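Please open the structure in a viewer and keep the selection tool at hand.

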Amino acid sequence: MRLNRTRARTRDAASAARLRRRSGILAAVGALVAAVAIGSTAGAQAATSEGLLCQTDPHQTFSLTARTGYISTPDGNSIYMWGYGMSSGQFQLPGPVLCVTSGQPVTVILHNTLTEPTSIVFPGQKAVKANGNPAQPQLDTGGSLTSMVQAADATDGSVTYTFTAGSPGTYLYSSGTDVTKQQQMGLYGALVVRPAGAAGQVNDRTDSAFSPQHEYVFLLSEVDPEVHLAVERSQPVDWSAYNARYYLINGRSMPDTLAPNNASWLPSQPYGALVHIKPWDAATNPLPAVIRYLNAGRVSYPFHPHGSDERVVNKDGHALQGTSSTAPQDLSYLKYDIDVMPGQTVDALMDWRDVEHWDATTNPIPTQLPVITDQLLVGADTWFSESPYLGTKGSYPANITVNNECGEYYHVAHSHALQQATNYGAAFGGMMTVFRIDPAAGCPTS
Amino acid sequence: MSTTTIPAGPPAGAPAPAPRPERGTWSRTALAVVAVLVVAVLGLLGARALRAGDDDPGRPVPQSAEMETALGVRISRVAVVGDGGLVTVSYVVLDVDKASRFQADTKHPPVLRSEARDGSTNRVSVMRQGHINRAGATYYFVYQNTGGALRAGEDATIEYAGLRLEHVPVL
C-alpha cells in the first residue's frame, strides 16, 4: 500500500509534469502561431510603407553602431560605405531618423566597429556632453585637431553623448572626426525635434501644423565612388580629383527613391522618398505635408519640386519668425526651388491646390493628348496623366483599361543642378523622385 | 529513491488506475490540438516563406537568349513602386547599339502583362535620350501601373516585338 501510494503520488506528480509540459508545449505553439501571424502582418506593412520612419524611445536613448557595408545604385553599382545603424540592427544608409521631443534629455551611445576612431556631432544642440564631459574639440600632443568632439576608439570603442533636445525642427547629425572623409563615407543621419505637446507641428507656431500621416525626410548627399574604392582598399584618397557621380535622397537614387521603405532589394537603404498626398481641402484635407530637407553633402543642392511651391517655415531648427516676444511676425515664404546648403536643414510645408477649379463639365479646359510628354521622364513639367482633371480619366486606346490607377498625378521633384539628377552621368536618376497626388476620393487600388 | 525504479506501467495484478482512460483521451485531444496548431504554424510559415520568396530579391529573373540577342539588354528587375502606382523595369545593357535602339523606341515600349489576372501596362516614361549607354550598366523604364496591373509577389510576362519573357518575379 505504501508502495502503491508512493507510486500514486509519483503518477500524480508525473501527470502534473506531463500537464505542465503539455501546457508549455501548447503555450509555446500558441505563442509561435501568434508571433508568426504578427510577424507576417508587420512584414507586410513594412513592405508597403512610405513616409518618415521615426526611431523613437520613451527615454530618448539610442544606441548606434558605426559599421561598414554596401549600398546599391540603380545603374548596377555597389558602393562600399560607412554608416550609423541601430546597434540592434545592421548597417544602413543614412543613419536612423531619431525623433525626440524638445526640452527633453537625449542620450546617444555610439559604438565603433570601424578601423579608425569616429564620433558624432550634433550641430544646433547646446551643451552636448561626451561621457559626462563637455563635448569639445580634441587635440593631439602637437596641438593639431584630431576630432571635433570626443571620439569612440577604433574597432570596439564607444562614447555616450547627452544633451537636451533644442528648439523644434530638423537637424543633421554626422561624424566629427576626419569629417571630409567620414561624412563622404556615409556617417550622417537626421534628428527630428518635435515641439513639446505639439508633435503635429514643425515648430512652436500653430501655423506650422502638418498632417502627421504625410511627413517626409529628404536627406540629400552625394558619393564619389573613387573615394569609396580607395577607402575600401586602404589606399590614400586623392581629394583633388574628387568628382561625385551619385546623388542620393535618403541613401537612394532615382528610381530607387520611388520604392517603398524597407524594399527587399535595397536591404541597406531602408528609406524611400515618395511623397504621396491628396489635394488640399479646407474641410477634408486642411493640413499640408511636411518635407524636412537636410544636406549632408559638399555642395548646395537646389531641390526643385515641380507643380507646386513649398512654404519654408524652418531653417536649421529655428522657426522663420520675427523677434517679437508677444506676436512674432511670420517670416515663412513660398519657394519654387528649395536651396539646401551643405550642413543646412530646411523644413517646408507643401500641399497641392486646384487653383483653377477644373471640372470636366462645368469648367472644362481644352486638352490634347500630348505625343511625347508622357514618354519622357522630364520634358514637361508634370508627368501627364492624360487628363487635366484630377481623378477624371479620359478615353483610351482599346487595349488600355485605364492609364493609371485612379487618374492620379505625378510631379517630378529633383535637384535642378541637373548633373545631380543623374546616375553616373546617365539622365535621369540621382537626386530625383516624384510627388504623387491622388484624387480627393482616394485611389482604391493603392 | 523509489521514483527512479517505478516501471512505466502498473505491476501485475494491481488494480487498473482510474485515470488511465482519461489520460489517453486527454493525450489524444492534446495531440490533436498540438497537431492543428503545428499545421497552422507550418501553414503560416509556408505562406510567409512563399510571400518572402516571391518578394525575394535573390530570386533570379528568367533570361531569354533570343530577347537578349535581339534587344541587346537583359531584364534585371521588375518592381512595383510609387505606392502601387508605378512600376520600374531595370535592364542591363549587353550591346550598346541595340540597347540604344531599344530604349529609343518610345512608341513601342515593352508591354508588362500580369500572369495572375487580366491586366497590362505599356505606358512608360523612359530615361532621357542622349546619354551614352555603357555596356554592363543598368538603366530603367518607369511605367504607370495601369489599373494596378502588376502586384508585388506575382509573376509578369514582358512582351516586345513578338518576343516574350515569362515568369518574371515582380518585387
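**Stop 1: a loop in chain A**

Select A:Thr155, which is located in the loop of chain A that runs between strand 9 (145-147) and strand 10 (158-164). Helices (H or I, at least four residues) and strands (E, at least two) are DSSP runs, numbered from the N terminus. The model is predicted: local features need pLDDT of at least 70, side-chain atom pairs count only at pLDDT 80 or more, and totals for chains, interfaces and linings use all residues. Residues are numbered from 1 along each chain as its sequence is written, chains are lettered from A and ligands numbered from 1 in the order in which they are written, and side-chain values use heavy atoms, with hydrogens and water left out.

A:Thr155 has a phi near 80 degrees, a positive value in a residue other than glycine. Most residues other than glycine have a negative phi, and most peptide bonds are trans. Is A:Thr155 buried or exposed? With a relative accessible area of 51%, A:Thr155 is exposed. Buried means under 20% relative accessible area, exposed over 50%, and partly exposed in between (1.4 Å probe, protein chains only).

**Stop 2: two cis peptide bonds**

Move to A:Leu93 and A:Pro94, whose peptide bond is cis, with omega near -10 degrees. A:Pro94 belongs to the loop between strand 3 (78-86) and strand 4 (97-101) of chain A. Next, select A:Ala427 and A:Phe428, which are also joined by a cis peptide bond, with omega about -10 degrees. A:Phe428 sits in the loop between strand 25 (426-427) and strand 26 (432-437) of chain A.

**Stop 3: an annotated region**

Select residues 92-195 of chain A, listed by UniProt in an unreviewed entry as "domain: Plastocyanin-like". UniProt positions follow the numbering used here, feature names are shortened, and annotations may be inferred rather than shown by experiment. Over residues 92-195, chain A is 6% helix and 40% strand, and the end C-alpha atoms are 28 Å apart.

**Stop 4: a buried serine and a nonpolar core**

Select A:Ser211, in the loop between strand 12 (188-194) and strand 13 (215-223) of chain A. A:Ser211 counts as buried, at 7% relative accessibility. Leaving aside neighbours within four places in sequence, A:Ser211 is in contact (heavy atoms within 4.5 Å) with A:Leu287 and A:Pro288.

Now select A:Ile120, A:Tyr161, A:Phe218, A:Tyr293 and A:Phe303, which touch the most other members of the largest nonpolar core, a set of 61 residues. The largest share of this core, four residues, comes from strand 3 of chain A. A nonpolar core is a set of buried Ala, Val, Leu, Ile, Met, Phe, Trp, Tyr and Cys residues joined through side-chain atoms within 4.5 Å. Another core, of 28 residues, lies apart from it; B:Tyr91, B:Val124, B:Ile158 and B:Val168 are among its members.

**Stop 5: chain B**

Which order do the elements of chain B follow from the N terminus on? They run α-α-β-β-α-β-β-β-β-β-β, with three helices and eight strands in chain B. Of the 171 residues in chain B, 43% are buried.

Finally, select B:Ala161, in the loop between strand 7 (155-160) and strand 8 (163-169) of chain B. Phi of B:Ala161 is near 50 degrees, a positive value in a residue other than glycine. B:Ala161 counts as exposed, at 67% relative accessibility.
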